[in-house]
Amino acid sequence: MTMRSLVVGEWKDGAIADATLRVIRAVSERGVPVDVLTFSSVMANAAVCVDGVERVLLASDDVPNPETLAAFLQHIASDYSMIAASHRTAGRAALPRAAALTGNAFLADITRVVTAQRFVRGLYAGSVVATIESTGATLFATIRTSSFAPACATGGEASIVALEPIAPFTATVLIDRQAAMQDGSDLASASVVVAGGRGLASKENMDTLGTLARNMGAALGASRAAVDAGYAPNAAQVGQTGKTVAPDIYLAFGISGAIQHLAGMKDSQIIVAVNKDPDAPIFSVADYGIVGDLFDVLGELDAHARATGDAQ
Amino acid sequence: MTMKILVPVKRVVDANVRVRIGSAGGVDTAGLKMSLNPFDECAVEQALRLREAGVASSVTVLTCGRPVCQDVLRTALAMGADNAVLIDTANASPDSLGIARLLHAFITADTDTDTDAYGLVLCGKQAIDDDIGGVAAMLAALLGWPQALNASAMEAAARGWLVTCGDDAGTATWRLDGPAVVSADLRLAEPRRVTLPSIVKAKQKPLRTVDASTFNVPLGTQIRIVDMAEPPVRQPGIKVADTTALLGAIGSGRLFQNVGA
Amino acid sequence: MSHYDFIVIGAGVIGASVAHHLAALGAKSVLVVDRSTIGAGTTSQSSGLLRTHYSVRQNVELARSSWHAFNNFADYVDDDEASCGLVKCGYMICAPEGDKLAPLQASLDAQQGMGIEVQLLSKAEARERLPIAQFDDAALIGYEPEAGFADAYLVATGFARSARRRGVKIMENTTVTGLVRDGRRVTGIETSAGTFSCGALISTQNIWTPELAGWIGVPLPVKPERHTVLALECDAAPYTFNMPAFKDLGSPGMLYFRSYGGSQMLVSEGVVGETLNAPETEQGDISLDYVGEVGAQVAERFTAYEMAGLASSWTGVYDVTPDWNPVLGPVGDIEGLTVGFGFSGHGFKLSPGIGKILAQHALGHASDVSLAPYSLDRFASGALLVGKYGSGAVS
C-alpha cells in the first residue's frame, strides 16, 4: 500500500514558490516520502535541492490549465495517499477536479497535519476548528501556507522522473490577465476597510471619512447607528443585518462596538479603533486603540495616505 | 438557440449567527437561523440576468438535503427562478463528491432532447458552513465540462462563455467552449431584493422533490469529522497614543497597502 | 469580599438607567454586573420608538418624563457629547370604525387631559405629514409632535458612561450564579468573578428573570416573545426622517412603522409574537410567507409598497408579562430586593422614567410615579394593567 505524498509545485519570480516550500513542509509531517510535481526543467532542477523531497516529477514544459493539470493528477494519483497544493488559485481549481476524476475526497485550507490521515481545518469561517480523518485511497487537499514554516530549499538530493505528456484540455482558453486593481470600493472583498459610526456625527463628516477611504484605497463601511442616522447608505452597513467583512485592516472611527457590529468584522486580521470613550466595547476587540478625537486621527491618516500616494 | 441554467444551492447557517459547539461535541443547527448560502444567492442573480438577456430560457434551482431545505428554494423562486428541485438525501450525509455525483446524475437524467439542455451550471464558490468549495470543480470533472471558479464577471460567448475570475494576482479572463460549470464570487452579481409581488408569484412555481436513491449514486463520505473545538481567543490589544504611534505599530506599508494601486 | 450599597443585575437600557439614576440621586457605592456587554441583550434589538401615547395612565406619566430625558439627553446625563440618536419626527396613530376607535379616543383624551400635546388630524392633514400613506378608512387620527425614535443601544451606553463618571462600577462578562441570603433578606450575589455583598439588590434581567425566580423560589411571570422586524425598500415612496412614526390600529397585525436610514421603511407587528422555549436573543427564522402576509398589510396603507422589496429583516425579543406591562418593586416579603422586568416591548421608551423610580424606591425615597400599580401581586389579585387595545405592545 503506497503512502507517498505529492506536492503540486509553483514557480514564482524565478524560484520555487515560498508557498510550495511550506506545502512540502506540511506534508512532510505525515512521515511518508514526498514527491513534487513540476512543469519546467528549471523548476525541476531547483526542486531536487529541497530538503525532504525524494522525487521530482517533471511534466510538460508549460503550466497547464486546471483541467489539464487535473488530468495529469488523475494519471498518477494511484501512487499517492495524499496530493497537496497551496490554497491558491491553481490548487483550488485542479485538486477537487482531480479528486472527482479518481473518486476521492477533497479538503481545503488545512492548517495542521496531525497524522498521515488526520488534519485540522476551520469551519464556519474559522469559528470552529475541526479535526478530520480521511478514509479514502488518495486525499486531495489544499494547504494554508501561513500555518507552516517553509522547508529548506537546499540540502535535498531528489531524483527527477519525467512524465509522459498527456493531451491538454482545450475547451478552456486563457484570454487575458489583469493585475490586481484594488480600488477598494467593494466592501465585502476589500483588504482595507475604513468604517464610521455614530461618532462621525453628520453625513458631511462621513463623506470626509469616505475621502480618507478613497485615498487609502479602502472600502467605506458604517455601523447600523450611522446608517440609522442617515450618515451612510444601507449598503455600507457592516454587521448583523449588514455585511460581514474580514479584511486585513479594519479601521473603526467613532464606532462603539455593539455586538451586532462586531459580528460583522471580528474576523479582520487587524482591528484599529479610534473613539473618545475609553470604555467603548470596540476596544476589547481592537488590536490597536486610540482614545482621542477621531477627526485628528482621520486628518493625520489622510495626510499620510496622500503623501504615500504622491511618492509612488 | 437557448439553453437552461442549473443553479445548485445550499441551505446554511445564516452568516450572522454565532455557531457554538454543543455538549455533544458538534454544532447543533436545530433552532439556528438558516439562509440561502450568500455565494449561491449571487449565482441565482447572475442566472436570472442571463435569462433576462435572452441567453437562457429558464433557471432551475436545486438543493440536496431534507425537506426543510425547501425554504431556500422558495427564496430563489421569489427572486425569480422558474422552478425548483429538492433531492431528498434522507439519512445520508454525502461529502462534496457525493453531492457532485448527485448533481451529475440529475443533469444526465434531466437532459431531454425535446427541450433545451443545460448549457450552464452556476453555483456559489463555496458554502459558508464547510468552506470547502469543491463541488463546482468536481461536477465539472464528472460532466467533462470546462470550469471557471471564483467568477467576478461573465457573459455568453459565440460557442460558450467568457468568464473573468479572481485569482492570486488579480483577475484572468477565460473562454469556455460549450456547456460549463462556473462558480460565483460575491462580486459576480449583487442579488436583487425579494419583492412582495414575487413572493406571491413564487407560490405558483413548480417545486418538486426527488429521492436521492433514484439516482443510484454512492452517498457516503470519505472524510469524517472526529473533533470540533473553539478557536483560540482573540488576544486583547493595546492602546497607542496617536496616529504616529499607530503607524509605527502596524507599519505604513501594511496600512497603506492599497494606496496608488 | 467587596461590598456595595447597591448592586444592579443587568446592564441593558433599564439597568443602565437605574445605575445612572442611583448615582445621580446620591448613591456612592453602586455595582452593575452583566453576563455580556452593556446593551448586548434585547436592548440592541429595540426599534427605538418614543411616544407618550398609552391607554394605561401610569405609563403616560412615565413616558412623559422619559420623553423629556430623550429630548434633552445631553443635559439629562450632564455630558455635552452624549446623544441618544433622537429623530423627532412625531408619532401618528389612527383607527378605523370598529373596536379600536373608542379606546383610541379615550387615550387621546387622557393624554390631552394630562397636558400632552395631541392633535386630531383630518385625512388631508395626515396625508400632508405622511404622504406615502392613504387614510381613506381612518375614523380618528391622532398626532403627537413630541415623539419619534432613538437608538436604544446609544442610550444604554450613554447612561452607563454617565454612571461610570459618577463612580458606578460596571462589570461586564460576569455571570451571576446565585444570591446570598440572610433569612428573608438578600445580602449579596455570587458570580463568576466572586461573591459581592450589598445593601440592596435591583434586578433588571429582562428575559433572564426566570433565573432570579429560581434563586428566590418565587415564580415571576415573564416569557420571551420573539418579534420580527422588516426593512422594506420602495424607491417610489421612500419613508424619510421627517415623516412621523406611525401606528396603524386598523391593520390586523397592529403594525407600527418608522423611517429606517432615512429612506427605507421599518415595520413590525404589535400583536402577540412567538414564545420561545428559552431566553435567548439569537436571530430566528423569518419565512417568506410571513413577509408576504405583513407586506400585504403594509400595502393596504402604503399603496406603493405593493411593489416594495425586502431590504433586510431581523428578530427581537420582548420580555412579556400576562398583562403586557412591567413588574416593578419588591417581591413578596423578601427584603433587599427590587425587580424591574416584563417591559413587553416598551421598556426602552420608558427607560429613563423607570430607572428613576426604581432608583428612588431602592434609596427609600418617594417615587415620582407610584410603583403600586405595577406590583407583582396584581396577577394574584386580578388588578391587571390591561391596555384598552387588548394584548399587544400598545398598552
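Guide: Among the contacts in chain B that join residues at least 6 apart in sequence, 69% link residues at least 24 apart. The model under discussion is predicted.

Visitor: What makes a pair of residues count as a contact here?

Guide: Two residues are in contact if their C-beta atoms lie within 7 Å. By that criterion, 69% of the contacts in chain B between residues at least 6 apart bridge at least 24 places in sequence.

Visitor: What else describes chain B as a whole, in secondary structure and in extent?

Guide: Chain B contains seven helices and 13 strands. Along the principal axes, its C-alpha atoms fill a box of roughly 70 × 50 × 40 Å. Of its 261 residues, 50% count as buried.

Visitor: Why is C:Leu179 called buried?

Guide: The threshold is 20 or more other C-beta atoms within 10 Å. C:Leu179 has 21 such atoms within 10 Å, and therefore it is buried. This residue lies in strand 9 (residues 176-182) of chain C.

Visitor: Which residues are in contact with C:Leu179, leaving aside neighbours within four places in sequence?

Guide: They are C:Val186, C:Ile189, C:Trp215 and C:Ile216.

Visitor: Which residues of helix 8 of chain A are buried, and why are they assigned to the same side?

Guide: The buried residues are A:Leu294, A:Leu298, A:Leu301, A:His304 and A:Ala305. They cover an arc of only 135° around the axis, which places them on the same side of helix 8 of chain A. On the face turned away from this buried side, A:Asp310 and A:Ala311 are exposed.

Visitor: What covers the buried residues of helix 8 of chain A?

Guide: The cover includes elements of two chains. From chain A come helix 5 (203-216), strand 16 (249-253) and strand 17 (270-275), and from chain B helix 6 (243-250) and helix 7 (252-255).

Visitor: What makes a group of residues a nonpolar core?

Guide: The members must be buried residues of the nonpolar kinds, such as Ala, Val or Leu, joined through C-beta atoms within 7 Å. The largest set of this kind has 324 residues, and B:Val7 and C:Ala19 have the most contacts inside it. Helix 4 (residues 135-143) of chain B gives the most to this core, with nine residues. In soluble globular proteins, nonpolar side chains tend to be buried together.

Visitor: Which residues does C:Ala19 touch, not counting those up to four places away in sequence?

Guide: C:Ala19 touches C:Val8, C:Val30, C:Val32, C:Phe159, C:Ala160, C:Ala163 and C:Val168.

Visitor: How many residues are in contact between chain B and chain A, and which strand of chain B gives the most?

Guide: The contact joins 70 residues of chain B to 76 residues of chain A. Elements of chain B that each supply at least two residues include helix 3 (96-110), helix 4, strand 7 (147-156) and strand 12 (223-229). Strand 9 of chain B gives the most, with eight residues. By class, the side of chain B that touches chain A divides into 38 nonpolar, 16 polar and 16 charged residues.

Visitor: How many residues of chain C are in contact with chain B?

Guide: There are 17 residues of chain C in contact with 17 residues of chain B. On the chain C side, helix 8 (288-301) and strand 17 (309-320) are the elements that give two or more residues. Helix 8 of chain C gives the most, with five residues. The residues on this side of chain C divide into seven nonpolar, six polar and four charged.

Methods
Residues numbered from 1 in each chain as written. Chains lettered and ligands numbered in written order. Predicted model: local features only at pLDDT ≥ 70, side-chain atom pairs only at ≥ 80, totals over all residues. Helix = DSSP H or I, 4+ residues; strand = E, 2+ residues; numbered from the N terminus. Buried ≥ 20, exposed ≤ 12 C-beta atoms within 10 Å, placed from the backbone. Arc of directions from axis to C-beta. Nonpolar A, V, L, I, M, F, W, Y, C, P; charged D, E, K, R; others polar.
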